Amino acid sequence: MEILGHYHYWVFAVLLMIGFYALVAKQNLFKKMLGLSILQSAVFLLYITMAEREGGTAPIIQPGVADQLYSNPLPQVLILTAIVVGISTMALGLAIVVRIREEYGTIEDDEIRRMDRRP
Amino acid sequence: MIVAVFGIFLLTLLVVTAIAIVRSSDLFSAVMLSGIFSLLMAANFFVLDAADVALTEAAVGAGVATVLLLGALALLPTDERQGNRHVGLAALTMAANITVIIYATHDVPPLGDPAAPAQQHVAAWYLAHTPELIDIPNVVTAVLASFRGYDTIGEVFVILIAGIGVLFVLSGGRDQLLPKRPEPTLNTALKHHLIPQVVGRLMIPFIILFGLYTQFHGEYGPGGGFQAGALVAAGLVLYSLIEGEQAALELTPPNLLFGLALGGALLYGAVGVIAMLLGGTFLDYSVLLSDPIAGQHLGIIVIELGVGLSVTGVMLTIYHAFASRVS
Amino acid sequence: MAAVAEIVCWALGWVLLTSGAAFVLIGGIGVLRMPDLYTRIHAAGLTDSLGPILVLSGLMLQVGNPQELFKLAAILLFMMITGPTATYALANAALMAGIDPVPAESSRPDREQVR
Amino acid sequence: MTLASQLPALQVVVPLLTAPIAAAMRPRDLAWLVTCAASLTAFAIAVALTAGALQGPADTSLRYDMGGWPAPFGIALVIDSLSALVLLVITGSSTLALLAGRRAMALDIEPHRQPLFYAAWLTALAGLCGITITGDAFNIFVFMEISSLATYVIIAAGPERRALTSVFKYLITGTVGATFYLIGVGLIYMMTGTLNLEDMELRIAEAPSRGPVLAAAGFITVGLALKAAVFPLHVWLPNAYAYAPHTVTAFIAACSTKVALYVLLRFDFMVLQANLPEHAAQFAGYLLPLALAGILFGSSVALFETHLKRLLGYSSIAQIGYIVLGAAMLDRAGLTAATLHMFNHALAKGTLFLAVIALGLRLGQANLNLSNLWGVGRAMPWTMGAFTVAAASLVGIPGTAGFISKWYLVSAALQQGPWAVVLVGVILISSLLAVAYLWRVLEPAFFADSPATLSEPIAHQSWAPLVILWLAAAANVYFGLAPQLPVELASRAAAILTAGHGAAELLP
């Protein structure tokens, strides 16, 4: 039962770290953006997991059904917001990456660093 | 129990996909995999009884995000030069972080626990009082649009600033903001491929119809302005892919799209300001009409419309900002 | 009588679901085992067309209410239109990109690994 | 409701809703005008709110229920002395930078991009005000993202291509910081079932287990420290400051890291430490050494830096160290010093960057290496005069605002028992280093022989930037001679932060 009850949280931790690894270790700026989106998705998972309720349904009130259990609407609302924030960040980040490519001719971090060091 | 077992299957796939995204050196495959990642995530949200979030993740994460990534990738080199840096540092932080999180979560309430604090207090209040205070079936929409409407206006401005930002950043070093008249030869994409063109034309009206259904059915079922905006935008992106960039820009001129984005955000804000003028606090829809519940309904419909317009406008503006650069 | 019909629907539904799942599985194995892109598309087409058709028909037999039946039918129609189109677009794009099919006599898996 | 009771909402709504209007403005000059008007209105509202916060007892606070829903169910705005002080800093620096920077921005940014730029500026302003004023943990995240995205946009307006790489690094760091904050809020929500900060404070004590809350405290502290550029998480800051347009630097250097620090203080002291005594010791145990290291590191690197804006950026890292140091003392005196230094450092650093705007108009955007500043003091005596006043304030010369907060900081440090000597020693050494690195700017500017590198002015000199610059410099002196207002606000803020706080006597 311990495994079933907490597996979601472990996956949250693992996804978070996969995203983090891509951010730290990958040189390619586009790959970093993908890593960032994995990182953010991991947090969505955390919130939606805590909203789940055993025997519940999606929080859409069914008229006339007494004693129906619903999952928690609040974290779902928060994550709707967070998803939109995520896509906004990604769009802006991609625009910056495209401009970096136009100015530097590459999107590999270490090459850019080398070009910056040689003024 | 079933949920948990099924969840474990989906989650394991999710981890495998995430690893594949990071490891893949071909960025095109990485983008496709990230689309799969979002779909798996959406399926997972659905299993966890979060219908609205699942719909949003599918429309935004798997749909719009993939289109944006492809649009950007068309302007970028598509293979990653191999070679990782700081691997030791990354591994160390990862190990430390995983330990902290697993320590933190080992005594949190397990999945689905009805006695968990998160299920009490505010959440229980929302579920109990939405029927009498707002009287719409979808509690997610009620919380999103009314109880936490101030968060949602912030969200609209986040997406608006993303649109403004993409236009601003991509216009660097150019003499115009928005593509006025692209080359006729540019990006004629599927013009000469009969089957996708015919099928695409067939699908577009249905996609937009579904978008409108999502927009106006959001009080009763999963949906709302964000999902609708993303769906309508997806339909119009499909149009642009089939008929070419130029035809799409003639159908929806860039100024119109940007105007929609600004106008949607202002419409949302105007509802709040009108509520202030009528003697309520900002975004207090109850004062809009003499009957508070009718006022709530009116307020929610109008702000959801504002959100939908703004999201459609911003998504298409961003798409065209990338697509019109491909030469 | 109604009860018998229900049981028949339920059983038939499970048969369709299971066979649909089997086709999806076979398609998946095919994608891994086939030697070149075009044959792999063929295998993937199986997961795109026959699999969902069987699975969705199975589900349609099992749900009772007409609203859900309609939704499932709409999804089925949608998949029957988009699936083949996607397969076509993929094959067409591959051909345009200059990927040649592997000739029949050399289509051994080990050859694929060398390439 | 009266206009006065609507002020908390208007503080955010005015700049927020003006942003789309500014983006649509034609002709383009109107965009600047509209932006200035909105920023001035926001400043006026902040002044009115401060006046309100100063009336009545020390822990007085003004509340506003968004959407008419009561606090834990809706989103509440809370204005007390602490948020009033930060609001003054944000709106003041935005207004001064806008007024002083019109010409510089007209040169830096092509006319057709200007409406978008000003819209982003207003959104950043609204986002920062929104973070400061809200009483809801998730709402902080939303407005943090608004302000961050808008800040990335206005930094990316920088004329050199390195602005893009700097802003990309800032984007990654900022998003990771915000994500960590979001994880922390999620873990606390799991344990308390609420998002309202005050409600959280009450319910955390009843949390079924401590582990998740402590981990949440870690995530929130690290996330906000990333945003606030607390050493050693500062790497994004110097380049982001250096390659942004000068006007943007004047705005964000004065307030964006301060706002992250403000959230850190509010969250840590009011929500976490009040209920977790062991967390107070952890907070001090980790942050005190980091603050000391940051002070010494920032000042030392500034000593060898050759680019004026990067030098000032490293100096900011040291100054952020002072603020964290004050907070890590955990007592009222330390917190008073920390909040006071937020105000005074914003004043001094803002003035220095306003002077940089004027220098940029004369020398060109890119020529701000120290070697290009030779003789500039004689060519531009008014600009460099104001720069000198602000530099004196940054060092902490008596008679300037910087002296007041250094004085409070040293007095607070002296109460720290056996550690007092170390703390005071570090503060004194760092002040000496500050004298040294600022002298490296001022000495050649005034006394070097060769003004040969000075080319013809890039732009026709105008009086507006100088007037604004001297206004800011005069404020540095005024708040040094008559510091009642910021001191009063800061001591009230410290009282609010330590209220109901059993850990005030816990020393590291």
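User: Which chains share the most contacts in this predicted model?

Analyst: Chains A and B do, out of four pairs of chains in contact.

User: What makes chain A and chain C a pair without contact?

Analyst: Contact needs heavy atoms within 4.5 Å. No contact joins chain A and chain C. Their closest C-alpha atoms lie 16 Å apart.

User: And what of chain C and chain D?

Analyst: Those two do not touch either. The nearest C-alpha atoms of chain C and chain D are 34 Å apart.

User: How many residues meet where chain D is in contact with chain A?

Analyst: On chain D, 26 residues take part. They are in contact with 35 residues of chain A.

User: What area is buried between chain D and chain A?

Analyst: About 2800 Å². Carbon and sulfur atoms give 83% of that area. The size of an interface is often given in this way, as the accessible area lost when the parts come together.

User: Why is the pairing of Arg162(D) and Asp116(A) called a salt bridge?

Analyst: The cut-off is 4 Å, from a side-chain nitrogen of Lys or Arg to a carboxyl oxygen of Asp or Glu. Arg162(D) and Asp116(A) stand at 3.5 Å, N to O. That value is within the cut-off, so the name applies. The count between chain D and chain A is one salt bridge.

User: How many residue pairs are in polar contact across the interface of chain D and chain A?

Analyst: Four, with both residues of each pair at pLDDT 80 or more.

User: Which helices of chain D each supply at least two residues of the side that touches chain A?

Analyst: They are α5 (137–155) and α6 (162–192). The largest share comes from α6(D), with 17 residues.

User: How do the residues on that side of chain D divide?

Analyst: There are 19 nonpolar, four polar and three charged.

How values were computed. Residues numbered from 1 in each chain as written. Chains lettered and ligands numbered in written order. Predicted model: local features only at pLDDT ≥ 70, side-chain atom pairs only at ≥ 80, totals over all residues. Heavy atoms only, no water. Buried area = accessible area lost by both parts, 1.4 Å probe. Polar contact = N/O pair within 3.5 Å; in protein donor to acceptor, adjacent residues only side chain to side chain. Helix = DSSP H or I, 4+ residues; strand = E, 2+ residues; numbered from the N terminus. Nonpolar A, V, L, I, M, F, W, Y, C, P; charged D, E, K, R; others polar.
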